[in-house]
Every structure is written in C-alpha cells, then in structure tokens.
Amino acid sequence: MLYQLYETQRALLSPFAEFASASSKLYRHPLSPFGQGPGAQRVSAGFDLMHRLTKEYEKPQFNITNIQVGDIEVVVQQQVALAKPFCKLLRFKRYTDDAQQLTRMRKQPSVLVVAPLSGHHSTLLRETVRTLLRDHKVYITDWVDARMVPADAEAFHLDDYVRYVQEFIRLLGPDINVISVCQPTVPVLAAVSLLASAGEFTPRTMTMMGGPIDARRSPTAVNNLATNKSIEWFEHNVIQRVPQNYPGAGRRVYPGFLQHTGFTAMNPDRHLNAHYDYFLDLIRGDDDGAESHRQFYDEYNAVLDMPAEYYLDTIKTVFQDFALVNGTWRVAGELVRPQDIKSTAMLTVEGELDDISGSGQTAAAIELCAGIPKTRKRHYEVAGAGHYGIFSGRRWRDFAYPEIRDFIAKYNKQ
C-alpha cells in the first residue's frame with residue numbers, strides 16, 4: 001500500500017516539477033520581461049530548487065565515451081558482455097588507431113568491478129571506472145532495478161548474487177582481477193572461496209573496499225539498525241510489492257524511495273546545507289558550484305528497488321548471524337571457507353572516516369584468508385577519506401587508485 005501511495009504522490013508532483021522548471025527558466029532568461037524585475041534571480045533559484053526537490057530521478061548513464069591513456073585520447077564503447085535477469089555484465093572497450101598504444105592496452109590487466117546492490121545504481125562508480133580505464137580493461141556489474149524484472153522471473157537471493165559473481169569470473173578467465181566496493185565484498189569473498197574449495201581457478205588479485213566483512217568491528221549506524229531490529233521487523237516495515245505500472249508488478253522488494261529516505265536521514269544537516277548552498281550558488285551565478293551539486297544529486301537521488309529475498313538474506317547473514325566470520329555460511333549447501341583461497345593476492349582498502357563500514361570491518365578479510373601467504377596480502381587505509389572518498393573524488397584519484405593500480409600490476413606482470 002505504501003508503494004502505491006508513493007507512486008500517487010509522484011504522479012501528482014510531476015506537473016508541479018515541470019511547472020517549477022519552466023518558471024525558473026522564465027525568470028532567468030535574459031530576453032524574458034520576468035527576468036528584468038528585482039529579485040528575479042532569487043525567484044528563479046527558488047523555482048529551480050523546487051524542481052529538483054520534486055522531480056523524478058531516472059537511472060543515470062555512465063557517459064564514458066573517451067579517456068586519456070598516456071598521451072593518446074582513446075574512444076570507449078560500452079558493451080553488454082553477458083545479460084542475466086537481475087544483472088548485466090558491462091564491458092568498457094577501448095579503441096584507438098595508434099598501433100603502439102593499442103599493443104600496450106592489450107597487455108594491460110583485466111578488472112571486474114563488482115558494484116554494490118544496495119540502493120544506488122552502478123553508475124555511482126562512474127569515476128572509479130573512468131580512472132581504472134587508464135591502465136586496465138574494465139568490466140562492471142550493472143544491477144537491474146528489481147521493479148523492472150518481470151514478476152514471473154526467478155527469485156533473487158544472496159546465494160544467487162554469489163553464483164552470478166562466480167559465473168562472471170569463469171567467463172572472464174583466470175587472468176581477471178576483482179574489485180568489490182562496499183556491500184559486495186562479502187558475496188565476492190564467498191564466491192572466490194567456493195571456487196577455491198572446488199579446485200577451480202581464482203582471480204589473480206582481489207581488492208576489497210569499504211565492506212562489512214566483519215560488521216561487529218567498529219559498528220556504525222547502519223550496523224546498529226540491522227542488529228537492533230528483528231528480521232521480522234524488516235519484513236513487515238520495509239518490504240513492499242511493486243505496483244501495477246511496472247514489469248515487476250507484484251514482486252516483493254525493498255523500494256528505492258524508502259532506501260533514499262534512510263540515506264538522507266543519516267546526515268540530514270549535510271543535505272539541508274548542500275541544498276541551501278545550491279540555492280545561494282544560483283543567486284550568485286556560480287555555475288560551477290551549481291553544476292557540481294546537480295551532478296552529485298542526480299546520482300545520489302537515483303535509486304533502485306532491491307529484491308526482498310536478497311535484502312533480507314543480507315541482513316540476516318551479514319549483519320545478524322555474522323555467518324562469514326563465524327564459519328557457518330553455506331551457499332547451496334557448500335560451506336564458505338575463505339581459508340581455502342591460496343593463490344589470489346588480496347588488498348583491503350578502508351577510509352579513515354568511513355561511517356558506513358567502520359574501521360577494521362574490511363581488514364577482517366586478511367585474517368579470514370589464512371591460506372594466502374602474508375607476503376601476498378596488504379591493507380591500506382586512506383587518510384581523511386569517508387565512505388565515498390575511497391572510490392571517488394580527490395582521495396580516490398590521488399591515494400586509493402595508485403595503491404590499487406600498483407598492487408594489480410605487481411601480480412599481473414607479463
């Protein structure tokens with residue numbers, strides 16, 4: 001019922017959002033008589049802000065069409081390497097007419113970036129992908145909004161997430177390097193562990209960034225919510241059915257709009273200040289500041305629905321039972337044994353100020369993977385970085401990325 005009410009509200013606000021957008025342009029256009037009056041800039045800014053607060057945010061695009069590789073500008077084409085009901089494996093293929101550069105690129109390591117299925121779209125890692133493309137062949141998991149998956153399709157559990165990752169690794173071959181960001185660190189570690197236990201090949205390297213491997217360490221507000229409420233509470237309070245106007249009508253999901261409310265509630269003052277600063281930027285004519293705000297919130301406000309069974313599995317397995325670190329997690333009956341991983345080199349990355357995955361939660365993977373020699377394991381903390389800072393922004397580019405690039409290169413020498 002709550003989802004239907006939200007859809008009704010969204011439909012009612014849509015005309016107002018368009019009116020606010022048109023009014024903002026009317027008071028801003030230099031040839032409009034409304035734009036000549038006193039306070040026109042302020043009125044335009046107010047309407048612009050109202051438009052952004054009431055509009056619907058669609059899934060953004062990666063929009064990575066070219067990058068700079070050394071001194072050469074390289075064209076990038078986004079391709080679908082494999083399509084599954086709940087995920088598309090995307091490849092960012094690079095093209096150039098420069099023969100020497102093409103030869104160098106062919107020798108560069110391949111990287112599979114496993115994006116989070118935790119509310120936002122994989123485009124949240126746009127800057128991660130763009131940076132990696134300088135020195136790597138890049139693939140990424142692009143998770144499908146559950147409301148867009150037909151209701152007669154199979155259910156999607158946490159075990160299915162693990163199997164998807166295994167399938168992608170098998171497809172890409174033994175030379176692949178895996179990078180998991182936040183939520184997928186747990187299922188990725190499980191996937192690689194099960195491959196090792198079965199005697200299959202495992203990735204050359206595995207980089208785990210800001211994830212809840214052991215959510216008991218330095219618990220954050222996210223961890224506390226998951227442990228203080230029962231699984232029945234989550235099922236009764238946050239799980240909804242997709243309305244009739246989507247392909248997944250009737251599917252049980254954790255709706256994106258509820259997740260977005262939770263994201264915002266964690267730091268309400270920060271978001272209020274950000275919107276007020278945007279309003280001031282518009283009045284001052286600070287186009288760069290305003291555009292920076294738009295780019296961030298176009299991504300931040302675009303959310304997807306998660307399959308209910310996957311979400312509830314994650315809450316119970318990762319945040320309540322701590323099944324991975326307790327050695328009790330079974331996927332399709334097979335026990336997850338990180339200690340069986342022998343040949344894959346491991347890098348764990350944490351942000352010093354991460355308020356999503358607390359200090360030590362990701363580094364716990366180092367201890368769990370006891371079969372990997374100490375000389376092939378490394379932990380790196382990004383000083384001054386919050387959760388998003390470890391995969392986007394200046395600290396990602398200047399500190400985290402060089403560490404990851406050099407670590408991958410060390411174990412991928414031709």
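Colleague: At what angle do helix α10 and helix α11 pack, and how far apart are their axes?

Modeller: An axis is a line fitted to C-alpha atoms, for helices over the stretch in contact, and angles run from 0 to 180 degrees between N-to-C directions. Helix α10 (residues 268-284) and helix α11 (residues 287-300) pack at about 140 degrees, with axes 9 Å apart. That makes α10 oblique to α11; angles under 35 degrees count as roughly parallel, over 145 as roughly antiparallel, 65 to 115 as roughly perpendicular and the rest as oblique. This is a predicted model: local features need pLDDT of at least 70, side-chain atom pairs count only at pLDDT 80 or more, and totals for chains, interfaces and linings use all residues. Residues are numbered from 1 along each chain as its sequence is written, and side-chain values use heavy atoms, leaving out hydrogens and water.

Colleague: What are the helices and strands here?

Modeller: They are DSSP runs numbered from the N terminus: helices are H or I, at least four residues, and strands are E, at least two.

Colleague: In what order do the strands of the open sheet lie?

Modeller: Two strands pair if DSSP finds at least two bridges between them. The three strands run in the order β8-β9-β10, with antiparallel pairing. The edge strands, each pairing on one side only, are β8 (240-241) and β10 (306-307). Between β8 and β9 (residues 252-254) there are two bridges, and glutamine 240 stands opposite valine 253 in β9.

Colleague: How many aromatic pairs does the structure hold?

Modeller: Rings of Phe, Tyr and Trp (its six-membered ring) pair if their centres lie within 6.5 Å; planes under 30 degrees apart count as stacked, over 60 as edge-to-face and the rest as tilted. The structure holds 26 such pairs. Phenylalanine 19 and phenylalanine 47 have ring centres 5.9 Å apart and planes at 90 degrees, so their pair is edge-to-face.
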